Amino acid sequence: LFDQRVFDAHVLGSDPRTDIAVLKIIGDESFVAADIGDSNTLRVGHWVIAVGHPFDFPFTVTAGIVSALGRRSLGKNEIQDYIQTDVAVNPGSSGGPLFNREGLVIGINTAIFSPDKDNLASAGISFAIPSRMAVLIASQLAQNGAVAYSGIGVSTQDKPASASEPRPGAAITQVRAGSPADGAGLRRGDIIISVDGEPTPTSQAFQALILTKPLGSTLNISHIRGTKTRSARV
């Protein structure tokens, strides 16, 4: 800890697809925990502060702004909904908290982009797991030791933009009988263009977005059928 005390811990559960784990500290002492904020309140341009151990310099504090929200497609077989910042984050900073100006944890620093793959260093582009996702995954790991992933019961493929339809999307190729999508009236051939107002220009973007939603959520899905744009509550 910050005061140099060292404790053993048990791993209650881990989830490689979101890069989140839950540890239980072994000890009878009282511990002071950081307060968790809501990452959904973040907007591009908001100031944020990171704490980490870059290059073995312990408890280094850096600051910057939110550069983008909802970054995905940064790696394969991962569930991503990253906060992008220009905070200086370097090797050794992964797992550290990202705070807002009120001192609330709104993310977990997890990755950087560096053009020099041999000597990774900050290039002003870093990524953090949103607190909303971290809490959702952590609560399932703590209770069950595993994570149940969301789905609406469809298979999709890319539907690029065309002259006749300039909006790209995720075309439904299969709808499972009895699934939420089936119950909402979605059909094979529908082109999903947004979920809760967020565009889904590719099949991967659509699947990644669905995986970030809590089980039992109600989603507003905009889709194209023929020449009409429709909305379905799934």
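## Salt bridges and aromatic pairs in a predicted model

Asp3, Arg5 and Glu29 are joined in a network of salt bridges. Arg5 takes part in two of the contacts described here. With Asp3, Arg5 forms a salt bridge in which the closest N and O atoms are 2.9 Å apart. With Glu29, the side chain of Arg5 meets in a salt bridge at 2.3 Å, N to O. This pair links distant parts of the chain. Arg5 belongs to the segment before strand 1, and Glu29 to the loop between strand 2 and strand 3. The two residues are 24 residues apart.

Arg5 has a relative accessible area of 28% and is partly exposed. Asp3 is partly exposed as well, at 45%. Glu29, at 44%, is likewise partly exposed. In general terms, side chains of opposite charge can pair when their charged atoms come close.

The structure holds 6 salt bridges. One of them joins the side chains of Arg167 and Glu165, with an N to O distance of 2.9 Å. The side chains of Glu165 and Arg167 also make a polar contact, at 2.9 Å. Glu165 sits in the loop between strand 9 (154-159) and strand 10 (169-175). Its partner differs in accessibility class. Glu165 has a relative accessible area of 17%, so Glu165 counts as buried, the cut-off being under 20%. Arg167 is partly exposed, at 35% relative accessibility.

Phe2 is exposed, with a relative accessible area of 62%. Phe59 counts as partly exposed, at 34% relative accessibility.

Phe7 and Phe31 make another pair. Their ring centres are 5.2 Å apart and their planes stand at 80°, so the pair is edge-to-face. The reasoning rests on the angle, because planes over 60 degrees apart count as edge-to-face. This pair also links distant parts of the chain. Phe7 is in the segment before strand 1, while Phe31 is in the loop between strand 2 (20-25) and strand 3. They are 24 residues apart. Phe7 is partly exposed, with a relative accessible area of 23%. Phe31 is partly exposed too, at 35%.

Arg17 lies over the face of Tyr149, at 4.9 Å from the ring centre.

Gly183 was examined separately. Gly183 lies in helix 2, which covers residues 180-183. Gly183 is exposed, with a relative accessible area of 71%. The C-alpha atoms of Gly183 and Ile152 are separated by 9.8 Å. Along the chain, Gly183 and Ile152 are 31 residues apart.

These details belong to the following overall picture. The protein has 3 helices and 14 strands. Its C-alpha trace spans about 65 × 40 × 35 Å along the principal axes. Of its 234 residues, 36% count as buried. Among contacts with a separation of 6 or more, 51% come from residues 24 or more positions apart. The protein exposes about 13400 Å². Carbon and sulfur atoms supply 52% of that area.

Terms used: Residues numbered from 1 in each chain as written. Predicted model: local features only at pLDDT ≥ 70, side-chain atom pairs only at ≥ 80, totals over all residues. Heavy atoms only, no water. Buried < 20%, exposed > 50% of the residue type's maximum accessible area, 1.4 Å probe, protein only. Phe/Tyr/Trp six-rings, centres within 6.5 Å; stacked < 30°, edge-to-face > 60°. Helix = DSSP H or I, 4+ residues; strand = E, 2+ residues; numbered from the N terminus. Lys NZ or Arg CZ within 6 Å of the ring centre and 35° of its normal. Polar contact = N/O pair within 3.5 Å; in protein donor to acceptor, adjacent residues only side chain to side chain. Contact = heavy atoms within 4.5 Å. Areas by Shrake-Rupley, 256 points an atom, 1.4 Å probe, with all protein chains shown as cover. Salt bridge = Lys/Arg side-chain N within 4 Å of Asp/Glu carboxyl O.
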